[in-house]
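Q: I would like to learn how to read a model of this kind feature by feature. Could we take the general idea each time and then turn to the case at hand?

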Amino acid sequence: MHIDEVEKDEKPGWKLFFDGDANMKGVGMGAVLISETGHHYPITAQLRFYCTNNMAEYEACILGLRLAVDMRVQKVLVLGDADLLVYQIQGEWETRDLKLIPYQPCLQDLCQRFRSVEFRHMPRIHNEVIDALATLALMLHHPDKAYIDPLHI
């Protein structure tokens, strides 16, 4: 699994891998939070509203960061293959898409809950496991009553 290769290259600490996927079947997202001791905490979800791929990436990142907040993580390295999101949150790229602008303050507020948070872009080949989680979310059929209300940003 490529996730292990990336883990070995990085310094010890909590890591969050995320990915979102929007296609004809719907919108799925996945994230894996990995502890300092190597425990993996995967999370996956299907969105029930229209999303672009970039919106799905933001949703997946937010999902993973919320998991990290709930687990009282203080320092986290966030890794994703969505270069747009990574460079926008780092302030290197401007956010022009009106659909993405509301995600910026949401992510920034989440980042304030950590002592240290670092975002890093990684090649898609190293994000295969998380990509599979996002795809798996699209394949699962949930009963109509088993869903989380959308977050209004």
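Predicted model: local features only at pLDDT ≥ 70, side-chain atom pairs only at ≥ 80, totals over all residues.

Q: Which residues is Gln74 in contact with, leaving aside its neighbours within four places in sequence?

A: Once those neighbours are set aside, Gln74 is in contact with Phe114, Arg115 and Ser116.

Q: What is the order of the strands in the open sheet?

A: The open sheet has 5 strands in the order β3-β2-β1-β4-β5, and the pairing is mixed. At the edges stand β3 (40-47) and β5 (116-121), each of which has a single partner strand, so one side of each is left without a neighbour in the sheet. Direction ignored, neighbouring strands of this sheet are turned against each other by 20 degrees on average.

Q: How many bridges join β1 to β2, and how many residues does the hairpin between them contain?

A: β1 and β2 run antiparallel and are joined by 9 bridges, while the hairpin that connects them passes through 2 residues. Along this pairing, Asp19 stands opposite Gly30 in β2, and Gly20 has Met29 of β2 as its bridge partner. As for β2 itself, 8 of its 9 residues are buried, so that this strand is mostly covered.

Q: Which residues have the most contacts inside the largest nonpolar core?

A: In a regular strand the side chains alternate between the two faces of the sheet. Turning to this model, the largest nonpolar core has 36 residues, and Leu65, Val76, Leu85 and Phe119 are those with the most contacts inside it. The largest share of this core, 11 residues, comes from α2. Apart from this core lies another, of 6 residues, among them Val32, Ile34, Leu77 and Leu79. The helix α2 lies across β1, β2, β3, β4 and β5, and runs at about 150 degrees to β1. Beyond four places in sequence, the contacts of Val76 include Trp14, Leu33, Leu65 and Phe114.

Q: How many aromatic pairs does a search of the whole structure find?

A: A pair of aromatic rings is described by the distance of the centres and the angle of the planes. Here the search finds 3 aromatic pairs. One of them is the stacked pair of Trp14 and Tyr41, at 6.3 Å centre to centre and with 25 degrees between the planes. This pair links strand β1 with strand β3, its residues being 27 residues apart. Trp14 counts as buried at 17% relative accessibility, whereas Tyr41, at 30%, is partly exposed.

Q: Why does the pair of Tyr58 and Tyr103 count as stacked?

A: The ring centres of Tyr58 and Tyr103 are 5.3 Å apart and their planes stand at 25 degrees, so the pair is stacked. Because Tyr58 lies in helix α2 and Tyr103 in helix α4, the pair ties together parts that are 45 residues apart in sequence. Both Tyr58 and Tyr103 are buried.

Note on methods
Residues numbered from 1 in each chain as written. Heavy atoms only, no water. Contact = heavy atoms within 4.5 Å. Core = buried A, V, L, I, M, F, W, Y, C linked by side-chain atoms within 4.5 Å. Buried < 20%, exposed > 50% of the residue type's maximum accessible area, 1.4 Å probe, protein only. Helix = DSSP H or I, 4+ residues; strand = E, 2+ residues; numbered from the N terminus. Pairing = 2+ DSSP bridges. Axes fitted to C-alpha atoms, helices over the stretch in contact; angles between N-to-C directions. Phe/Tyr/Trp six-rings, centres within 6.5 Å; stacked < 30°, edge-to-face > 60°.
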